[in-house]
Amino acid sequence: MTSICDSLRDSCKEIWHELHNHPFVAEMAAGTLPERKFAFYIGQNIVFLRELARAMALGVAKADDEDTMRDFAAIVSNIVDFELPKNRQLLTEVREMVPDAAEATTMAPATLAYTRHMLTVAYEGRAADIMASLTPCAWSYGLIGKQRLPDAPDHQVYRPWIEFFGGQEYWDTLEEVKAKLEGLCQGMSDSDLARIQDIFRTSSRLEQMFWDMAYNESAWQV
């Protein structure tokens, strides 16, 4: 029997194909991505993660039970205590190759669209909706890491990035996120599942836009 998570991914598999084969990802895995593009990506990811933490914190407020409260609190803690420091470390390392790379202070249009989608879902939706908005990001990164891990390049920054997302520790956490989404969706009506699918698909589309933004260094034009 197909899981709800697999059904959600299959419903937008054409988007996921683009995610896994995006030029940014392919060139990073080959070690040929210009470091300036990666610096731009990391800068935007830092401002994205701060907003993601706020959205996930609302999951604590929307939770119907203590286990779900604990799950969302753990996600917030991981973002603030691990992911943000890790991304700043990556930015420091890439500055050795691109000295004028700076931490972003303004969201690029794609970052703004993505974070506002997640915050809107968090304010208007329920715990399952919030988890559905997060899952494409976490899951697609894990699949990209696992897919590229066997041929990870000998690169100071790109190899550790791939090794982290392709590693077992990350995948253990990812499976917990998927299992929680699965549990939150159990017993839902068809209309509620359709809403979850729409949220999941929108986040998947915005993931693809985020890679486009990073690869093209798409900031505001004026």
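Reader: Over which ring does the charged end of lysine 146 sit?

Author: The model is predicted, so a cut-off on confidence comes with it: local features need pLDDT of at least 70, side-chain atom pairs count only at pLDDT 80 or more, and totals for chains, interfaces and linings use all residues. Residues are numbered from 1 along each chain as its sequence is written, and side-chain values use heavy atoms, with hydrogens and water left out. A charge sits over a ring if NZ of Lys or CZ of Arg is within 6 Å of the ring centre and within 35 degrees of the ring normal. For lysine 146 the ring is that of tryptophan 171, with the charged end 3.7 Å from the ring centre. Lysine 37 has its charged end over the ring of tyrosine 215, 4.6 Å from the centre.

Reader: How many aromatic pairs does a search of the whole structure find?

Author: Rings of Phe, Tyr and Trp (its six-membered ring) pair if their centres lie within 6.5 Å; planes under 30 degrees apart count as stacked, over 60 as edge-to-face and the rest as tilted. The search finds 21 aromatic pairs. In one of them, tyrosine 114 and phenylalanine 210, the ring centres are 6.5 Å apart and the planes stand at 70 degrees, so the pair is edge-to-face. This pair links distant parts of the chain, 96 residues apart: tyrosine 114 belongs to helix H6 (residues 109-124) and phenylalanine 210 to helix H10 (residues 190-216). Helices here are DSSP runs (H or I, at least four residues), numbered from the N terminus.

Reader: Are tyrosine 114 and phenylalanine 210 buried or exposed?

Author: Buried means under 20% relative accessible area, exposed over 50%, and partly exposed in between (1.4 Å probe, protein chains only). Both tyrosine 114 and phenylalanine 210 are buried.

Reader: How many salt bridges are there?

Author: Side chains of opposite charge can pair when their charged atoms come close. The rule is a side-chain nitrogen of Lys or Arg within 4 Å of a carboxyl oxygen of Asp or Glu. By this rule the count is eleven. One of the bridges joins aspartate 100 and arginine 36, at 3.3 Å from N to O. Its partners lie in distant parts of the chain, 64 residues apart, with aspartate 100 in the loop between H5 and H6 and arginine 36 in helix H4 (residues 35-62). Aspartate 100 counts as exposed because its relative accessibility is 54%, while arginine 36, at 41%, counts as partly exposed.

Reader: How far apart in the helix are arginine 159 and glutamate 163?

Author: The two residues are four apart in helix H8 (residues 158-166), so about one helical turn separates them. Arginine 159 is partly exposed at 31% relative accessibility, and glutamate 163 is partly exposed at 37%. Elsewhere, salt bridges that share partners join Arg126, Asp129, Asp192 and Arg195 into one network.

Reader: Which residues are in contact with valine 94, leaving aside its neighbours within four places in sequence?

Author: Contact means heavy atoms within 4.5 Å. With those neighbours left aside, valine 94 is in contact with Glu35, Phe38, Ala39 and Val157. Valine 94 lies in helix H5 and is buried, with a relative accessible area of 0%. Threonine 68 is in helix H5 (residues 66-95) as well, and its relative accessible area is 0%, so it is buried.

Reader: What is the volume of the largest pocket?

Author: The volume is about 590 Å³. Of the 24 residues that line the largest pocket, the closest to its centre are Ile75, Asn78, Glu83, Thr173 and Val177.

Conventions: 1 Å grid on protein atoms, 1.4 Å probe; cavity = no way out; pocket = protein on both sides within 12 Å on 5 of 7 lines; lining within 4 Å. Points joined across faces, edges and corners; volume = space filled by probe spheres on them.
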